[in-house]
Amino acid sequence: MQKYITVKGAHEHNLKNVSIKIPINRVTVVTGLSGSGKSSLVIDTISTEGKRRYIETFSSYARQFLDRVDKPKIEEISGLLPSIAIEQVNPVKTSRSTVGTMTELSDYFKLLFSRAARLFCEKCSKEIKRDSIEELADFVKKFKGKKIAIIFSVKKPTKFSNEEFQTWLSSQGFTKIFSRSKTNAKVVAGRFAVTNKIDTGEILEALELASKLGKNYFEIVDLETMDVLRTCVTIFACPTCKLSYKRPRPALFSFNSPIGACDACKGFGKTIGLDLSLIIPDEKMSLREGAIKPFNSEAYKKYKSDLLKCSEIEGIPVDIPYQKLSAKQKKWVLEGSCRKSELAKPKWKGVYSFFTKMEKKSYKMHVRVFLSRYRSYDDCKKCEGKRLKKEPLNWKIRGKDIHEWSCLELVDVEAEIKLLLKEVKQSGFSSGKIKATMLILDEIKNRLSYLGEVGLNYLRLDRQSRTLSGGEVQRINLTTALGSSLTNTLFILDEPSTGLHHKDISNLVNVIKRLKNMGNTILIVEHDSKMIAEADMIFEIGPGPGEQGGKICFNGSYDNLLLSNTVTGKFLRKKGFQKKIIGKLERGTEYVEIRKIKSNNLKNIDIRFPKNKLTCITGVSGSGKSTLVENIIFPALSRTIGKLEPIKGTFSELSGYESFFDVVYASQKVLQKNSRSNAALYIGVFTPIRELFARLEESKARKYTSSHFSFNSNLGRCSSCAGTGYEEIELQFLSDISLECVDCKGRKYKNAILEVKLRGYSIYDVLNLTVSEAYDFFIEHDNIKNKLERLKTVGLDYLKIGQSISTLSGGELQRLKIAEHLNSKKKKSVDLNESILFIFDEPTTGLHLADVEKLVFALKKLLDEGHTVVVIEHCLEFISCADWIIELGPGAGVHGGKVLIQNTLSQLMQTKTNTGLALNELLTNQSIKTKTSALKKNNDVEKKEVFIENARENNLSNLSIKIPLNRIVVITGVSGSGKSTLAFEILYAEGRRRYLESLNAYARQFMQPASRPDFDRLTNIPPTVAVEQRVTRGGLKSTVGTLTEISHFLRVLYVAIGKQFCPDCNQSV
C-alpha cells in the first residue's frame, strides 16, 4: 500500500492554503515559474518542518545552540520523515577546505597512507622498512646448523680506558665483544646454535635486548664466517643515512594538523607577497611617466623623484619604456644599489625596500589598505605549495606521495585505486592489514564512483571548496548523502541539474534513483525537462509568479503534464523558442580574437566571437568554460580599458577590442539575502525616490531630508522596531516569534513621515507598488523609470519594489542581479562607435523556460543597442537562440580544454559533439517521450533491513547481523552480553551521527556527536531516536519538570507573558 507525506493548508509566503500528498519512496518534482512558490512549499515548509521535528528529539540544552527552526505556517503535515535539504549554496569561505575534505576522501587517504604507504629515505631514496621482532625471529630460525649471534653497537665513553670499558660491560652482563674500534664496540646480546629444538622465546629476548640497547639498530651475524646476515632497524630509519622518521599516523598526512602542516605557510600552501604586475601594471610606460604605480600618489611622490635622481647618476634611462630596460637595470630599480654610497651621491634602496619600510607602519589602517593593493598570494617557498612538511611526502603509494595523489583528477584517482586493489590482494601484508586496507579502498572507490556519476570526476582533490559553484557543491553533498547510507529519510534537492551539461543529467538521474532505492523519498525543485521526465510524481505551482502564484496548477505524471495547458506543459511541447536558424553571419561582422590561450586545462587554443551578437560558450562540466571567461576573456579585455584584473594564464595576441569602453561581468556569485535590503535599494531607485519626497514643499517646511525617508536611518524609521516592521521575541531553545510592530503596524516609518505624500502616496505606499505600477507612477522621471524598465524586461514586473530581498526565490534573485548589470546608466551613445561587452555566467540558473524566454528578449535588446553579449550556458533552449556558439571539450579536466567548434547554430547541429546531438534531439522533437520502461520498473526498494558487519564495540566479537526495517525487533540476552552496546552505542549513535553530519559545523560542536563506533560497515540506517532506561538517579535539582522539559517551557512562558507583582503590597508593577 502506497504511503504519503500529507500537507494540508500550507500558507507560507505566497502559498494559498496548498494541500498535497507526496508519495513516500518515490521521486517527486515540483516545478513552476520562478517566484511561484516552489521553494516556499518544498524548502520553507516541508524541509523545515521535517528538520524541526527531528531536532525536537534533542535535549533543550543542545537545541539552543542549533539554528532555531521556525515552525512553518501550515495547518497539518503527517507522515513526515526526518529531512535533509541539499541546497544550491556554497557556504565555504576558508581556503583550508578542499574537495577532498568536503567529500571525506582526504580522511580516507590519510588512513590509507598511515596503513599501506611505503617510506623512502629523503637523502638516498632507498626504501625504508621497519623490522618486526617476530619476523626477525623467523629469519634466524631459517639458518639451521649454523651458529648465529645478535650484536649491537655501543659507543665507548671518551674518559674510559679499554679495561674500564670491558669491566663496565661485564658488570652489565655482556662478556662477549664481537669487534672493537677506538670509539665503538660491537657487543653480543645473544648467541645460539640453530636447531629444530631451539627456544623461540630465547631468540625474541635477545632481539628485544639488542633493539633496546642498540637504540633500535642491531645486526644478525654468522659466527663461523663472521658475515653480517642482516642489518636490523626496528624503527623507521635509514640504516645507510642514519635518518629516523616518525611512525605514520593520519595526522601526519593532514595539512590541517600541526603535525603534518608546513611550518612556513601553516598548511595553506600560499604566503602573502608582492605582485610585480600590480606594482608595474603597464611596462610600456617609462620611469619618468610613472611606470612604478605606488610612486604616482601625492603621498609617495618623493620616492619617484629620488628614483629619477639616482637613475641619472647610475646612467639608467628614464625616458624609455620599462620593458626595454635590461635585466640588470630592472634589478637595480627593484632591489636597489649594492655598492656602498659615496658621501656626495644618494643611494637608491629599491622598490622592495620601500615596501619593507611600509610594512613596519602596517599598524596604521590606511597603510594596510595601501599595501593590500599590491599584494598577491604566492606559492609557499618552503613547501612549494604542497601544504605539508617534507616528512609526510617521503611516504608513497604506487610511487606517488599524498600531494601527488591529491593533484590527480578524480577519474585518474579511480583508475589508480583499481590497480592498487589488485596489488594489495597480491601483497605480502598480514591478513589483518590486507582486510583493513581493502575496507579503506572500497570506501574510496565507492565515493569516487558516486562523484563520477554526478559528473564531477574532472575535479581534483586539492581544489579549494570556495572556488566551486553552487551546483558543484550540491552534487558533492548529494554523493556524501549516498556515502552515509541513510534510509527512510526525506532528501530535498534544489535544482540539482544546475551547471550540468545535458549529457551528464542521465548519470545524475541514476544517482537520485539509487538514493531512492535505498529506501528514501526524494523531493526535487527543478526546471530541466529531462529531470522532470524522470519523476514518479510532478506538481506544478502557479499559475503566475509572486502574488499571482501559490496554487497547485497540476499534479500527475509526465505524460499527463505534456497534455496539460499549464505553462510548463506548453513549453515542454513547444521545444525551443521558435527562432529562425541562421546558416552564417552577415558579411562585415567584426570579431574579437584571442590567440594561443593557455590556462589550467586550456591547451594553446584560439577563440573568436562576433561583436554585437549573442555568443554562447558551452561544453560538458569541467571542459574549461569558466577558466576561459574568468581567467582570460574578462581580465584581458578589462585591461584594455584600464581595469587591473589579474590574468591567470597566458595568450599571445588580442584583437578587435577597440570599440569597447566597458566590460561587465555577472558571475555566479549569489546575492546575499538581507532583510533590510529590497529591490528598490538594489537597483538604485530608492535614493532618487527619497530625494523626490525630500523636495516636496511639506518636507521643506518640516526640514525633512532624504534620510528621513529611509527605514535604515534613525531620523525616519520607527523607533520600536528599528525600521524592520516587526518585533522579534526570543524564546531560547524554541524558535523565535516575529510579531507585527504595534506602533507602526508593519509600515517601518514614524507616523509623521507617512503624512508627507507624493501625489497622494506616502513613502510606504510607493514601496508597496509593483514594478509595473511604479514604472507608470514615475513615468516622467527618467532616472527612476529607466532602472525600473530593466526589471520589467527580465520579467520582474510583478515584484513590489519594497519587497525584502530575503523573501525572493533563487530565480528572482538571479534576474534581479541581471537587471542590475543591464543598468542603463552604464551605456554611452552607440553613435560614438562605443559599446559594452556583457559577460554572463549561467544566467538561466533558477529560471523556468518561460523566464528564460524573457531573459533572451532582454539580451536581444542589448544587441539592438549595439552591445556585445557573451554567455556561459548549458540550457539548450537558450543555446538555440545564440548567434554564435563556442563548444569546449570533448571531456572534462585534462580530457577537455579544446575548441570543438566555434560557429553558428546550424553548423553546430551538423556536428557530432555533445551539444550538437542534444540540440538536434531538442529541435527535431525527438525528446518528447515518456520515461523509459527500464526506469519505470525500477520501483523495487533494496531489501529493507539494517546491515551491521563486524561490530567490535566493547565486548562484541565481529558481530554481523541484519535488522528488518518497519518491524518491531527485540534484542535480548543475559546481563552484560552486549545488548545495549549493539542498540545504543552502535545503532543509535551511528544513525544520529550520520544525520548530524548534515547540520552545520557550528551546531555539531555543541551536539557532541559520538566518535564512529568500531565496525566495518553499517548500511540502510535511518536517523535514530533513543528512549533509554533511566539507570541513574538525578541530582537534588532534578524534578519531573526538568526531566520532561515542562519547566523549561514554563520559564519561557513566564518571560514572554508573565506579570510582575510587588512582594509587599501585591500590586501589579
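Threonine 868 touches Phe609, Pro610, Lys611, Asn612, Lys613, Phe660, Ile836, Leu837, Phe838 and Leu863, leaving aside residues up to four places away in sequence. Keep in mind that this is a predicted model. As for where threonine 868 sits, you'll find it in strand S28, which covers residues 868–872. Its relative accessible area is 1%, so threonine 868 is buried.

On to the aromatic rings. The count for the model comes to 28 aromatic pairs. A pair of aromatic rings is described by the distance of the centres and the angle of the planes. Here are two of the pairs in those terms:

| Pair | Centre to centre | Angle between planes | Class |
|---|---|---|---|
| Phenylalanine 165 and tryptophan 168 | 6.2 Å | 15° | stacked |
| Phenylalanine 295 and tyrosine 303 | 5.9 Å | 20° | stacked |

Take phenylalanine 165 and tryptophan 168. Both belong to helix H6 (residues 162–171), and because they are three residues apart there, about one helical turn separates them. Phenylalanine 165 has 1% relative accessibility and so counts as buried, whereas tryptophan 168, at 38%, counts as partly exposed.

What about the other pair? Phenylalanine 295 is buried, with a relative accessibility of 1%. Tyrosine 303 has a relative accessible area of 17%, and since the cut-off for buried is under 20%, tyrosine 303 is buried too.

Now for a pair of helices. How do H5 and H7 lie relative to each other, and at what angle do they cross? The axes of helix H5 (residues 133–141) and helix H7 (residues 200–213) come within 9 Å, with a crossing angle of roughly 125°. Angles of 65 to 115 degrees would count as roughly perpendicular and those over 145 as roughly antiparallel, so H5 and H7 are oblique to each other. Their crossing is right-handed.

On the H5 side, the contact is made by Ile133, Glu134, Leu136, Ala137, Val140 and Lys141, while H7 brings in Thr200, Ile203, Leu204, Leu207, Glu208 and Ser211. Sort the residues of this H5 and H7 contact by type and you get seven nonpolar, two polar and three charged.

Definitions and conventions. Residues numbered from 1 in each chain as written. Predicted model: local features only at pLDDT ≥ 70, side-chain atom pairs only at ≥ 80, totals over all residues. Heavy atoms only, no water. Axes fitted to C-alpha atoms, helices over the stretch in contact; angles between N-to-C directions. Helix = DSSP H or I, 4+ residues; strand = E, 2+ residues; numbered from the N terminus. Parallel < 35°, antiparallel > 145°, perpendicular 65-115°, else oblique. Left-handed = near helix turned anticlockwise from the far one by under 90°. Contact = heavy atoms within 4.5 Å. Nonpolar A, V, L, I, M, F, W, Y, C, P; charged D, E, K, R; others polar. Phe/Tyr/Trp six-rings, centres within 6.5 Å; stacked < 30°, edge-to-face > 60°. Buried < 20%, exposed > 50% of the residue type's maximum accessible area, 1.4 Å probe, protein only.
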